[in-house]
Amino acid sequence: MPPLEILVSSWRLDWAATAFVVVAGVLYGWGMRSAGRKGHRWPAWRSLAFYLLGLGTFIILTCGFTGVYGPQQRWAFTLKISLLLFVVPLLIGLGKPLTLARAALPDHGIKVFDAVLSSRPVRFVSNSFGAPLLGLALFSTFLTPAFYTLRTNPAADALLTLGVPMLGMLMALPIIEESNFHRSSAYLTLEFMFVFIELLIDAVPGILLSLNGQVLDHAMTVPDPQWWFRDALQDQQFAGNLLWFICEVVDLPLIILMFIRFSRSDKREAVVFDELTDEQLDELHAQHLRGRH
């Protein structure tokens with residue numbers, strides 16, 4: 001591992017990351033101001049979570065050590081991308097940006113907002129059926145020569161810097177902000193079961209990287225290597241170990257959040273059924289037995 005002074009002192013300016021932070025920070029600040037004008041007092045701890053934990057971690061990953069040495073070391077790049085996908089969205093989600101947007105937008109803006117959330121692409125990404133496929137597709141590129149291009153090409157790096165956190169937020173925010181994504185308890189039960197499949201699927205690229213005896217992206221050397229650099233095969237295997245570990249560990253809090261989400265949905269539906277009359281319940285049972293025509 002690199003010495004501590006290199007981990008702490010390695011910094012670079014990433015323009016794509018800077019633009020992301022500026023836009024996200026300004027929009028969140030505008031949301032707090034607009035929500036305050038409408039009488040909504042936004043909790044200070046959510047603002048701190050959004051700016052310090054969410055955007056702060058994003059800056060550290062993209063402009064710090066993993067951003068500086070990602071092009072040379074596969075493990076640093078893998079650590080950056082996996083945390084941008086799995087961890088940063090969860091930390092940003094603590095700030096409840098969707099709830100803040102709903103509190104800040106005018107009525108016609110809320111209608112547009114709801115239309116976007118209910119669109120087919122968002123619904124596909126924001127459930128546990130589509131998320132494993134997208135994660136698998138992203139990390140499967142690490143098993144090909146494209147891994148080298150993703151690490152070293154500035155355009156690819158900028159695209160990943162902006163796209164991976166957005167993809168992660170589409171995957172994580174429906175679980176964190178369940179009030180903006182209304183789904184039945186039966187649907188959530190299927191999602192909950194599918195998460196266990198995701199535990200295996202997400203880890204497959206990491207396992208293959210870790211156990212493979214050949215360098216899959218064919219990049220055997222790097223320019224100006226540092227004394228603490230790993231050789232190509234060790235670098236690839238360590239990147240696989242990290243990816244395997246992160247994919248398994250991060251799914252645990254997601255399972256807990258999904259269980260909480262399911263419990264809340266089940267309670268809401270129980271309240272609705274309790275309010276129905278006996279005649280209405282009999283009609284629902286009859287419709288269920290007849291099926292939809």
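H218 lies in the loop between α14 and α15. Helices here are DSSP runs of H or I with at least four residues, numbered from the N terminus. The model is predicted; local features require pLDDT of at least 70, side-chain atom pairs count only at pLDDT 80 or more, and totals for chains, interfaces and linings use all residues. Residues are numbered from 1 along each chain as its sequence is written, and side-chain values use heavy atoms, with hydrogens and water left out.

Phi of H218 is near 65°, a positive value in a residue other than glycine. H218 counts as exposed because its relative accessibility is 58%. Exposed means over 50% relative accessible area, buried under 20%, and partly exposed in between (1.4 Å probe, protein chains only). D224 is also found in the loop between α14 and α15. Its phi is near 50°, again positive in a residue other than glycine. At 68% relative accessibility, D224 counts as exposed.

V222 lies in the loop between α14 (204-211) and α15 (232-274). At 27% relative accessibility, V222 counts as partly exposed. Leaving aside neighbours within four places in sequence, V222 is in contact (heavy atoms within 4.5 Å) with Q72 and F229. V222 and P71 are 151 residues apart in sequence, yet 8.9 Å apart in space, C-alpha to C-alpha.

Helix α3 covers residues 44-63. Its 20 residues should span 28 Å at 1.5 Å a residue, and its end C-alpha atoms are 26 Å apart, which agrees. The expected span is 1.5 Å times one less than the number of residues. α3 bends by about 30° at G56. The bend is the angle between axes fitted to the seven residues ending at a residue and the seven starting there. Buried residues of α3 include R46, F50, L55 and F58.

The largest pocket holds about 740 Å³ of space. A pocket is an open set of points on a 1 Å grid over the protein atoms alone, where a 1.4 Å probe fits, with protein on both sides within 12 Å along at least five of seven lines; lining residues have an atom within 4 Å of a point. Points are joined across faces, edges and corners, and the volume is the space filled by probe spheres set on them. The lining comprises 24 residues, of which L27, P97, L98, A101 and M166 lie nearest the centre. Elements giving two or more residues are α2 (15-37), α7 (97-104), α8 (107-117) and α12 (154-176). The largest share, seven residues, comes from α2. By class, the lining has 23 nonpolar, one polar and no charged residues. Nonpolar covers Ala, Val, Leu, Ile, Met, Phe, Trp, Tyr, Cys and Pro; charged covers Asp, Glu, Lys and Arg; the others, Gly among them, are polar.
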